[in-house]
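Dear colleague,

Please find below the structure that I am handing over to you, with its sequence. My notes on what was found in it follow directly after.

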Amino acid sequence: VTAEADWVADYRSASATIGRDVRVELVGGGEVVGTCTDVSVDGALLLACAEGTVTVTVGDVHHLRSTG
């Protein structure tokens with residue numbers, strides 16, 4: 001097991017964002033809304049959105065409250 005794999009596994013297990021609905025305010029304007037499904041080995045968030053999977057490398061992440 002590489003140090004990189006250890007880092008990603010540790011991050012995934014400690015993440016309060018993976019599995020949550022989020023809104024990301026993107027640098028330069030705009031936003032992405034979706035469910036955070038994972039984090040890549042380079043630290044990007046992977047979001048499941050209406051448009052498909054979106055990779056977010058920079059932005060302000062806001063956890064959304066459940067409506068149910």
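I begin with Val-24, which touches Gly-30, Glu-31, Val-32, Leu-47, Val-56, Gly-59, Asp-60 and Val-61, not counting residues up to four places away in sequence; contact here means heavy atoms within 4.5 Å.

Please note that this is a predicted model, in which local features need pLDDT of at least 70 and side-chain atom pairs count only at pLDDT 80 or more, while totals for chains, interfaces and linings use all residues. Residues are numbered from 1 along each chain as its sequence is written, and side-chain values use heavy atoms, with hydrogens and water left out.

The core

Val-24 belongs to the largest nonpolar core, whose nine residues are Val-22, Val-24, Val-32, Cys-36, Leu-45, Leu-47, Cys-49, Val-54 and Val-56. Such a core is a set of buried Ala, Val, Leu, Ile, Met, Phe, Trp, Tyr and Cys residues joined through side-chain atoms within 4.5 Å. Buried means under 20% relative accessible area, exposed over 50%, and partly exposed in between, computed with a 1.4 Å probe on protein chains only. Strand 1, strand 2, strand 3 and strand 4 are the elements that give two or more residues to this core, and strand 3 supplies the largest share, three residues. In soluble globular proteins, nonpolar side chains tend to be buried together.

The sheet

Helices (H or I, at least four residues) and strands (E, at least two) are DSSP runs, numbered from the N terminus. Two strands pair if DSSP finds at least two bridges between them. Five strands form an open sheet in the order 4-3-2-1-5, with antiparallel pairing. Its edge strands, each pairing on one side only, are strand 4 (52-56) and strand 5 (59-63). On average, neighbouring strands of this sheet are turned by 45° against each other, direction ignored; the axes are lines fitted to C-alpha atoms, for helices over the stretch in contact, and angles run from 0 to 180 degrees between N-to-C directions.

The pairings are as follows:

- Strand 1 (residues 21-26) and strand 2 (residues 31-39) are antiparallel and share five bridges; Asp-21 stands opposite Thr-35 in strand 2.
- Strand 2 and strand 3 run antiparallel and are joined by four bridges, with Val-39 opposite Leu-45 in strand 3. The two form a hairpin with five residues between them, and Gly-43 in the turn has a positive phi of about 95°.
- Strand 3 and strand 4 run antiparallel and are joined by five bridges. Leu-46 faces Thr-55 in strand 4 as its opposite residue, and Cys-49 stands opposite Gly-52 in strand 4. A hairpin of two residues connects strand 3 to strand 4.

In a regular strand the side chains alternate between the two faces of the sheet.

The loop and the helix

Ser-40 lies in the loop between strand 2 and strand 3. Ser-40 is buried, with a relative accessible area of 17%. Apart from its neighbours within four places in sequence, Ser-40 is in contact with Trp-7, Val-8 and Leu-46.

Trp-7 also takes part in an aromatic pair, and the structure holds one such pair. The rings of Trp-7 and Tyr-11 have their centres 5.7 Å apart and their planes at 20°, so the pair is stacked. By the criteria used, rings of Phe, Tyr and Trp (its six-membered ring) pair if their centres lie within 6.5 Å; planes under 30 degrees apart count as stacked, over 60 as edge-to-face and the rest as tilted. Both residues lie in helix 1 (residues 3-14), four residues apart, about one turn of the helix. Trp-7 is partly exposed at 42% relative accessible area, and Tyr-11 is partly exposed at 34%.

The cysteines

How many disulfides does the structure hold? There are zero, a disulfide being a pair of cysteine sulfur atoms within 2.5 Å. For Cys-36, the nearest cysteine sulfur is that of Cys-49, 9.9 Å away. Cys-36 is buried, with a relative accessible area of 1%, and Cys-49 also counts as buried, at 13%.

Yours sincerely
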